[in-house]
Amino acid sequence: MASAAPFAKMNGLGNEIIVADMRGRADRVTPAAAVALNVDLATRFDQIMAIHDPKTPGTANYIQIINSDGSMAQACGNGMRCVVQALAAETGQKIFTFETVAGILNAEEHADGLISVDMGVPRFGWQDIPLAEEFRDTRMIELQVGPIDAPLLHSPSVANMGNPHAIFWVDDDVWNYALDRFGPMLENHPIFPERANISIAHVTANDAITIRTWERGAGLTRACGSAACAVAVSAARTRRTGRTVTVTVPGGPLRIEWRDDDHVVMTGPAEWEFSGSFDPATGGWARDTESAA
């Protein structure tokens, strides 16, 4: 595989991630390669985090984020933690500044192995999310699932956390809702011209929220870091919680802090699974022999 690039299969609380080392190369991971990798059970993923040489002075790397359907994503908090863990293990460095299409992100690996990512400043303007029509108050927009007189879900909060998010608030177990059934419909609803990540959220305490997420371009996921951030800021904005919360996703807990400077910091783990090499054009791959257990 002459044109092969190294990769690590990792996960952030079950959010399946491929960290692809594209440094020193001029090519990119193609949509066809992403789809091919996702077909294989061993390399099935939610996002590819492709590490490229820096574009902007002062940044460590440019990170391109690719969904499992081959589309581009603007943000992936769990994937950024995987990138930090991989580069920290390689270099011994603990603090990083990355560039993505959504902007500059700062990240740090702590002594306990947990990783914090500054996900930036949330945006709430209807045109920034974006929505197809004007809503003066995006803490609650007109959108529902089910009969008009007895909707199953309704009045979501919407926010942009590097990518578009809609959060439906419920008062019972988030597993009571068939997110796999209505997630695709809501992701592609005409109100979201760039599609959207769809979350169901249950506030269980002033500092605790449980969520499930249908991820734009990836589907049901065990963890979505940007969704956890969007839920946290929307909960604080609607006075459901304070500004520091534990958001529990199916894969486990994330600590989200909406700081006074308006930046949102997400802290959680990352886990290495195995490494290999792949063809960024076709998706053909081989596992490293030392990780072939």
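Mentor: Gladly. Let us start with classes: Ala, Val, Leu, Ile, Met, Phe, Trp, Tyr, Cys and Pro count as nonpolar, Asp, Glu, Lys and Arg as charged, and the others, Gly among them, as polar. Keep in mind that this is a predicted model.

Trainee: How do you know how the lining of the largest pocket divides by class?

Mentor: Take the lining residues: Arg139, Met140, Leu152, Leu153, His154, Ser155, Ser157, Trp169, Val170, Asp171, Thr238 and Arg240. Met, Leu, Trp and Val are on the nonpolar list, while Arg and Asp are on the charged one. That gives five nonpolar, four polar and three charged residues. The space in this pocket is about 190 Å³.

Trainee: What makes the pair of arginine 139 and aspartate 137 a salt bridge?

Mentor: The cut-off is 4 Å between a side-chain nitrogen of Lys or Arg and a carboxyl oxygen of Asp or Glu. Here the N to O distance is 2.9 Å, so the pair qualifies under that limit.

Trainee: Why is arginine 139 called partly exposed?

Mentor: Buried means under 20% and exposed means over 50%, with partly exposed in between. Arginine 139 has 39% relative accessibility, so it falls in the middle class. Aspartate 137, at 33%, is partly exposed as well.

Trainee: What do lysine 9 and glutamate 273 tie together?

Mentor: Their side chains meet in a salt bridge at 3.1 Å, N to O. Lysine 9 belongs to strand 1 and glutamate 273 to strand 19, so the bridge links parts that are 264 residues apart in sequence. Lysine 9 has a relative accessible area of 2%, which means it is buried, whereas glutamate 273, at 30%, is partly exposed.

Trainee: Aspartate 46 is also buried. How do you know that it has no salt bridge?

Mentor: The nearest side chain of opposite charge is lysine 9, and it is 7.7 Å away. Aspartate 46 sits in the loop between helix 1 and strand 3.

Trainee: What makes a polar contact for the side chain of aspartate 46?

Mentor: The partner is the side chain of threonine 221, at 3.4 Å. The limit is 3.5 Å, so that distance passes.

Trainee: Which residues line the largest cavity?

Mentor: Gln47, Asn67, Ala73, Ala75, Asn163, Asn197, Glu215 and Arg216 do. Its volume is about 40 Å³, and by class the lining has two nonpolar, four polar and two charged residues.

Terms used. Residues numbered from 1 in each chain as written. Predicted model: local features only at pLDDT ≥ 70, side-chain atom pairs only at ≥ 80, totals over all residues. Heavy atoms only, no water. 1 Å grid on protein atoms, 1.4 Å probe; cavity = no way out; pocket = protein on both sides within 12 Å on 5 of 7 lines; lining within 4 Å. Points joined across faces, edges and corners; volume = space filled by probe spheres on them. Helix = DSSP H or I, 4+ residues; strand = E, 2+ residues; numbered from the N terminus. Buried < 20%, exposed > 50% of the residue type's maximum accessible area, 1.4 Å probe, protein only. Lys, Arg positive; Asp, Glu negative; His and termini not counted. Polar contact = N/O pair within 3.5 Å; in protein donor to acceptor, adjacent residues only side chain to side chain.
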